[in-house]
Each structure stands twice: as structure tokens, then as C-alpha cells.
Amino acid sequence: MNRIKNYINLLRFRHCIKNLIIFLPLFFSRQLSPSDGKLQHAAAAFFVFVFVSSGIYVFNDLKDVENDRRHPVKKKRAIACGAVGRREADILMFFCLAASASIQVMAQLRGSMFPLLYVVINICYSSGFKNIPFVDISILASGFILRTVYGAAVTQIPVSGWLYLMIMAVSFFFAMGKRRNEIIRTGGKTGSTRQVLAYYNYRFLDKGMYMCLALSNTYYSLWAMNHEDQYMIWTVPVVVIISLKYCLDIENTTSGGDPAEVILGDRVLLGLLVLMAGFLTFLLYRNQGCGIWIL
């Protein structure tokens, strides 16, 4: 049982919530129905990214095992602490990547270049690009953007420019927040556990992340204002409250700043996100009868 738990921790299944972004184009286009097959394609795409991202997590842990052993938190990771051997990790990584490719082919999904691009970019990241300032942040942010584009590709749904801009801004917010909190957790000893931290400082990352958060809220507000449903504007205060709660969480010195860990670690924040999802669902689908509820 402990071995299975170690495998689950290594594959970061808790981070699967990031892959829900794939459903956003489908959701916001009011096509969240199984009748035309788009929902099934999005679901298959979700599992493509579940496996491909898990494989990349294993690859990253294999490449970064020595640095992880010097990190106050990452030293507890399965490979770093010796709970999972390198050979086992290699097998898991290849299994995940093979499973991802198999789903892509068997489901005949469009946009296969996006998971492949995700793999290439992250291999570059783990192989040295993570030590280049701004490149590392851009690669971290690209994961969310690629998921959005992939979701649009597999469902063949054009996505609003405001949605792309919002996701881009919030992605950079997440990336800089993660780097900023890594500096906090090392006690300001930049570069002690991650080389690229030597090029950053707390004040720069703090200002940058909140600039990006302000932009993301602005882009969402503009989308809501331009929406055909006049009541959509009432979702903006909920977005602001969620942003403030998230910010309060990452100001906690024990937070690593990873969005999946922050969200899953706070029931109030998770509840607010569920409330927001329900509010949006009601506004977007209330004129479609009970069609959405037959999923």
C-alpha cells in the first residue's frame, strides 16, 4: 500500500485539477453536452494531459533529484527520499507517455502537436532552461496556455481573445507566485536550492505577480461586460473574492505557491471555486433547459 502511495505522489495526481482547463473552451461556448461528441473528445484530451504531465513530473524529479535532496520540502519527494528507485521511475515515466500517446491516437483527437510541444518544452526546462531567468517563468506559464489551446483544438471551438488573455495573465501570476514563495521558504538565500532564484528577488516577483493578477481580473471583467448576458457582470465580485482568498493563502510562509496545492489545501477557496462554477453554469446554460444535466 505504501508503494502505491509513493507512486501516486510521484505522479502528482493531485495536480490533475490543472487539466480541467481543457474543458474551458467547451464550457464557455455553451456546448457542454455529450450529444455531438465534443465532450467525449475533451474528456479524452483531459486524460492525455493527465498522463503526459505525470510523465513529465517523473522526468523532472529524475533530473533534479540532487537539488531536491537539499530542498526543505522537496527532499520528501519519492525519488529524492529513496521511496521509489530510478528504474521504477523510468518505467512509470515511459508508461505515462505511452498511455498519453495511445489515448491521443485511439480517440483520434486533433491538436496532437500541443501535448508533444508540452513534452518538448518541459524536457528543455528540466535540462537547463529552468536556470534561465524569465524563460523558466514563461515555461511554467505555458503549461496552462497549452492546455487551453489544446482544449480548443480537440473540440474545434474558437476561444474568445479575452479568455486567452486572462489565462495568460493568471498563468504568469501562478509562475511568479511559485518562484516568490520559493525565495521565502529558503529564507532569502536565493540560489541555494534553485539556481535561477539568484536572478530574482522578492520585491520584483511580488510586484510582477500582482500586476498579472490585476490584468487577469481586468480581462475577465472585460469579457463579462461584453457578454450578451447582462447578468454575467455579477460574477466579477466573486472572481475578486477568489483572487483575494488565493492571495491570502500564498502569503502564508509555509505555502509553496503551487496552484494545485494551494487550492486543494483550502476548503474555503475550493468552495468558492465550486460556487463560481455553479454561478457560471447557471448563467450560461439556464436557457438551454435540462440539456446539460443529462451528462
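Contact here means heavy atoms within 4.5 Å. The model shown in these views is predicted.

**View 1. Helix H3 packs along helix H6.**
Val48, Phe49, Val52, Ser53, Ile56, Phe59, Asn60 and Lys63 on the H3 side meet Phe114, Pro115, Tyr118, Val119, Asn122, Ile123, Tyr125 and Ser126 on the H6 side. Sorted by class, this contact holds 11 nonpolar, 4 polar and 1 charged residues. H3 spans residues 38-63 and H6 spans residues 113-126. Their axes come within 10 Å and cross at roughly 10°. H3 is therefore roughly parallel to H6, since angles under 35 degrees count as roughly parallel. The H3 and H6 crossing is right-handed.

**View 2. Asn60, a residue of H3, at the contact with H6.**
Asn60 sits in helix H3 and is among the H3 residues that meet H6. Its relative accessible area is 15%. Asn60 is therefore buried, because buried means under 20% relative accessible area. Which side chain makes a polar contact with the side chain of Asn60? That of Ser126 does, at 3.1 Å. Ser126 is also among the H6 residues in the helix contact. Not counting residues up to four places away in sequence, Asn60 touches Arg77, Tyr125, Ser126 and Lys130.

**View 3. Helix H1 crosses helix H5.**
H1 covers residues 2-11, and H5 covers residues 86-106. The two axes come within 12 Å and cross at roughly 55°. H1 and H5 are therefore oblique to each other. Their crossing is right-handed. On H1, the contact is made by Arg3, Tyr7, Leu10 and Leu11. On H5, the residues are Glu88, Ala89, Leu92 and Cys96. By class, the contact of H1 with H5 divides into 6 nonpolar, no polar and 2 charged residues.

**View 4. Arg12, in the loop between H1 and H2.**
Arg12 is found in the loop between H1 and helix H2 (24-28). Arg12 is not a glycine, yet its phi is positive, at about 55°. Most residues other than glycine have a negative phi. Is Arg12 buried or exposed? With a relative accessible area of 11%, Arg12 is buried.

**View 5. Gln108, in the loop between H5 and H6.**
The loop between H5 and H6 holds Gln108. Gln108 also has a positive phi of about 55° although it is not a glycine. Its relative accessibility is 68%. Gln108 therefore counts as exposed, because exposed means over 50%. Set side by side, Arg12 is buried, whereas Gln108 is exposed.

**View 6. Thr235, in the loop between H9 and H10.**
Thr235 lies in the loop between helix H9 (202-225) and helix H10 (236-250). What is the relative accessible area of Thr235? The value is 0%, so Thr235 is buried. A polar atom of the Thr235 side chain lies 2.6 Å from the backbone oxygen of Met232. Leaving aside neighbours within four places in sequence, Thr235 is in contact with Tyr220, Met276, Phe279, Leu280 and Leu283.

Methods:
Residues numbered from 1 in each chain as written. Predicted model: local features only at pLDDT ≥ 70, side-chain atom pairs only at ≥ 80, totals over all residues. Heavy atoms only, no water. Axes fitted to C-alpha atoms, helices over the stretch in contact; angles between N-to-C directions. Helix = DSSP H or I, 4+ residues; strand = E, 2+ residues; numbered from the N terminus. Parallel < 35°, antiparallel > 145°, perpendicular 65-115°, else oblique. Left-handed = near helix turned anticlockwise from the far one by under 90°. Nonpolar A, V, L, I, M, F, W, Y, C, P; charged D, E, K, R; others polar. Buried < 20%, exposed > 50% of the residue type's maximum accessible area, 1.4 Å probe, protein only. Polar contact = N/O pair within 3.5 Å; in protein donor to acceptor, adjacent residues only side chain to side chain.
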